[in-house]
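Here's a walk through a two-chain model, with the sequence and the 3D view side by side. Keep both open while you read.

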Amino acid sequence: MNATSDTSPMGANRIVPSAPASSAGAESRISARDVTVHYGEKQAIFGVSMDVPEKSVTAFIGPSGCGKSTFLRCFNRMNDTIEGCRVGGEITIDGEDIHDPALDVVELRARVGMVFQKPNPFPKSIYDNIAYGPRIHGLVKSKAETDALVESSLKKAGLWKEVSDRLDQPGTGLSGGQQQRLCIARTIATGPEVILMDEPCSALDPIATSIVEDLIHELREQYTIIIVTHSMQQAARVSQKTAFFHLGKLIEYGETEQIFVNPKEKQTEAYITGRIG
Amino acid sequence: MTEILETEAEANTRRRAQVRNSLSRRNRAEQRFKLLGLGSVLAAMAFVAVLFGNILTNGLPAFWQYNVDAEVYFDPEVINVPDVPVHQAGQSEADFQAEMLGWQRRLAMVNWNRILVASVEGALAEAGADTEIDARSAQSIIDSGARFVLRDMVLADPAIIGERREMQLLLSADGDNWAKGKLSRDLPDDRQQLSRPARDAIDRLEEAGIVHRAFAWHIFTNVDSRSSPASAGLAGAFVGSFYMMLVVILLAVPIGVSSAIYLEEFAPKNPFTDLIEVNINNLAAVPSIVFGLLGAAVFINIFHLPLSAPVVGGLVLTLMTLPTVIIATRSALRAVPPSLRQAALGIGASKTQMVFHHVLPVTYPGILTASILGVAQALGETAPLLLIGMNAFVANVPATPMDQSAALPVQIYLWQGNENRNFFEERTFAAIIVLLALMIVLNALAIWLRGRLERKA
């Protein structure tokens, strides 16, 4: 933590392989084709296809148990860790099939970061929480590089001012909202291209929620974000595109404004007006 | 209308009364249960108190034994040996060794008892006692191990011959019993273990303060002995048990923890791993003596490892401890919240990194406690050791785990079976105290380490 890195987050930008320079906002880099998910005998996702635009926020909404979180976990293959879970269909990122046997899931998860429902910082210091990912992926070589990356990640997550004087204290000692931003900073530190957020605010109070939402808004400029949320207001506030799921099927997918103002499907309308869900 | 209101008010009153009634019933039930629980805790504590009280009152006296302060004269007439051989110029090494051995053999054949008898007579004279004591009675007062003490002193420094030394000579087992008042003074002579002159001599010497109690360090430094029970100690058993613990720690902990990690984190869930799991759980319930049979059959009959050796004992105890360590480690791993695993995987940690960087560190306290408790359990295990020959009388401190050795719990078993009940009962309790103290130290260590690691995590 030195004064020079304080003024230049360039240090991190040099290390972190951030998204390619192309700034075409609507360009689609992630596409899902006919994705199905089974939990044992039970089918949870029925042939979902969608293209997720780059550098924008896409919200998944739908009633509990509709499969939106399950579908989200397909993008970094977190479903692999669940016993008896099978994923079918095709998901590509930059044209690369993420189920390609040649692709290591570790590499995929470095590119596609994830923030979970409940803040889950490691029971380590704040510093080590951030530094862990870059270290295991070999993104940092020296202490100075690590320091710079920790600082820039915490700054991007808007947490630097609150924790800069106690980086050696356990991350679990922070408040819920701070913990969640720490988890976001931890995800950012590995330089992902995509960030998956699984109801990131459901365990937070309204003030912490609004801080995290502001953060999502800022992160959109650098990262492709997919967020699962229970709150339709949140989807309306943070996202550019919204997908509505019901009973494992993608019912409607479009511009957020269009979904909320002028839904094409009856079920979508029923959900956003509070009649199902 | 008013009527209905009244009924409602009445109904409310009735409901409140009902709730109050049931409340007092519930409170009584709670009170009963609390008392019952408190009663069981108190009963358990009372049992423990009785147990410890019994062990301590019986065992502690054994740590203080009676000694005679006597002047020992290394009489050259009795120690009738030539001068120590010196390596002559031109003499071969083998010849010198042979000559030295011959000298040592001469030394071993010296009638050391005569020196001891003279010392007792001297002590009696010093006490101003007019009692005459025959050689046999005088000899029966002193622990026969004193002979070897004197011999070793001469071996270490032959110049001592002809000199006088003030020494504390340990009383024999019978003498100690008499001095401690454990032998009835009312019994007729023919039923006493010590002759009348011997008993009188002890009494006189004690009155004069020449026979007195001292802390029996030799319990910790001597090995077991049958010929001189008063100087029998636990050193051999202690070292034997230490070697076994070493084997258990070096084998059971790494093997147990690794198998638990593999089974819990990496192994596929299929009928085969289910079978392994069931078997591990069953192994934890197998009587320990069966492990002893297994050890005798496999380690001794097939692998021809030595009988009575701590290495075999350690292997058998390892087999016995493994299921405990595996089960405890697995439950510690299972208690790790899934959110921590997700956090590690989500950031791109491989499964191995997840386990070793995140899951294991938070389970260290649990694994450590399980290991120490497993080792403590193994330390106190007796039955399997009997089947691999560790109940043999071994009067040696094992130099390596391959040497024959005693073990602490087996030593307790052997001492409690000793025919000299009057003396060895106390000794047995003393050995139990040593074993329990070791256990308490190990458990305290587990608690302390657990607290330390938990604070760190």
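## A loop residue in chain B

Start with Ala129(B): setting aside neighbours within four places in sequence, Ala129(B) touches Leu124(B) and Arg204(B). Keep in mind that this is a predicted model. You'll find Ala129(B) in the loop that runs between helix 3 (112-127) and helix 4 (135-141) of chain B.

Is Ala129(B) buried or exposed? With a relative accessibility of 18%, Ala129(B) counts as buried, because the cut-off for buried is under 20%. For a sense of distance, take Leu101(B): 28 residues separate Leu101(B) from Ala129(B) in sequence, and their C-alpha atoms sit 42 Å apart in space.

## Chain A overall

Chain A has 12 helices and 10 strands. Of its 277 residues, 54% are buried. Among the contacts in chain A with a separation of 6 or more, 68% are between residues 24 or more positions apart.

## Helix 9 of chain A

Helix 9 of chain A covers residues 206-219, which is 14 residues. At 1.5 Å a residue it should span 20 Å, and the 20 Å between its end C-alpha atoms agrees with that.

Which residues of helix 9 of chain A are buried? They are Ala208(A), Thr209(A), Val212(A), Glu213(A), Leu215(A), Ile216(A) and Leu219(A). Look down the axis of helix 9 of chain A and these buried residues fall within an arc of 160°, so they line one face of the helix. As background, an α-helix has 3.6 residues a turn, so residues three or four places apart point the same way. On the other side of helix 9 of chain A, you'll see Pro206(A), Ile207(A) and Glu218(A) exposed.

And what covers the buried residues of helix 9 of chain A? The cover includes three helices of chain A, namely helix 6 (143-156), helix 8 (176-189) and helix 10 (232-238). It also includes strand 3 (57-61), strand 7 (194-198) and strand 8 (224-228) of chain A.

## Salt bridges within the chains

Searching the whole structure turns up 28 salt bridges over all chains. Arg237(A) belongs to helix 10 of chain A and Glu213(A) to helix 9 of chain A, so the pair ties together parts 24 residues apart in sequence. Glu213(A) is buried, with a relative accessible area of 6%, whereas Arg237(A) is partly exposed at 48%.

Another salt bridge in chain A joins the side chains of Glu162(A) and Arg181(A), at 3.0 Å, N to O. This pair links distant parts of the chain, with Glu162(A) in helix 7 (residues 160-163) and Arg181(A) in helix 8 of chain A, 19 residues apart. Arg181(A) counts as buried at 6% relative accessibility, while Glu162(A) counts as partly exposed at 31%.

Over in chain B, Glu264(B) and Arg334(B) form a salt bridge whose closest N and O atoms are 3.2 Å apart. Glu264(B) lies in helix 9 (residues 235-266) of chain B and Arg334(B) in helix 12 (residues 310-334) of chain B, so this pair ties together parts 70 residues apart in sequence. At 17% relative accessibility, Glu264(B) counts as buried. There's also a network of salt bridges with shared partners, which joins Arg29(A), Glu54(A), Asp94(A), Glu96(A), Arg111(A) and Glu193(A).

## Where the chains meet

The contact between the chains takes 19 residues from chain A and 17 residues from chain B. About 1,500 Å² is buried between chain A and chain B, and carbon and sulfur atoms give 65% of that area. On the chain A side, Phe122(A), Pro123(A) and Tyr132(A) lose the most area to chain B, together 29% of what that side buries.

How many salt bridges are there between chain A and chain B? The count is 0. The interface does have 5 residue pairs in polar contact, with both residues at pLDDT 80 or more. The elements giving two or more residues to the chain A side are helix 4 (105-111), strand 6 (112-115) and helix 5 (126-136) of chain A.

Technical notes: Residues are numbered from 1 along each chain as its sequence is written. Chains are lettered from A and ligands numbered from 1 in the order in which they are written. Side-chain values use heavy atoms; hydrogens and water are left out. Helices (H or I, at least four residues) and strands (E, at least two) are DSSP runs, numbered from the N terminus. The expected span of a helix is 1.5 Å times one less than its number of residues. Buried means under 20% relative accessible area, exposed over 50%, partly exposed in between (1.4 Å probe, protein chains only). The arc is that of the directions from the helix axis to the C-beta atoms. Contact means heavy atoms within 4.5 Å. Buried area is the accessible area (1.4 Å probe) that two parts lose on being put together, summed over both. A salt bridge is a side-chain nitrogen of Lys or Arg within 4 Å of a carboxyl oxygen of Asp or Glu. A polar contact is a pair of N or O atoms within 3.5 Å; within protein, one must be able to donate a hydrogen and the other to accept it, and residues adjacent in sequence count only if both atoms are side-chain atoms.
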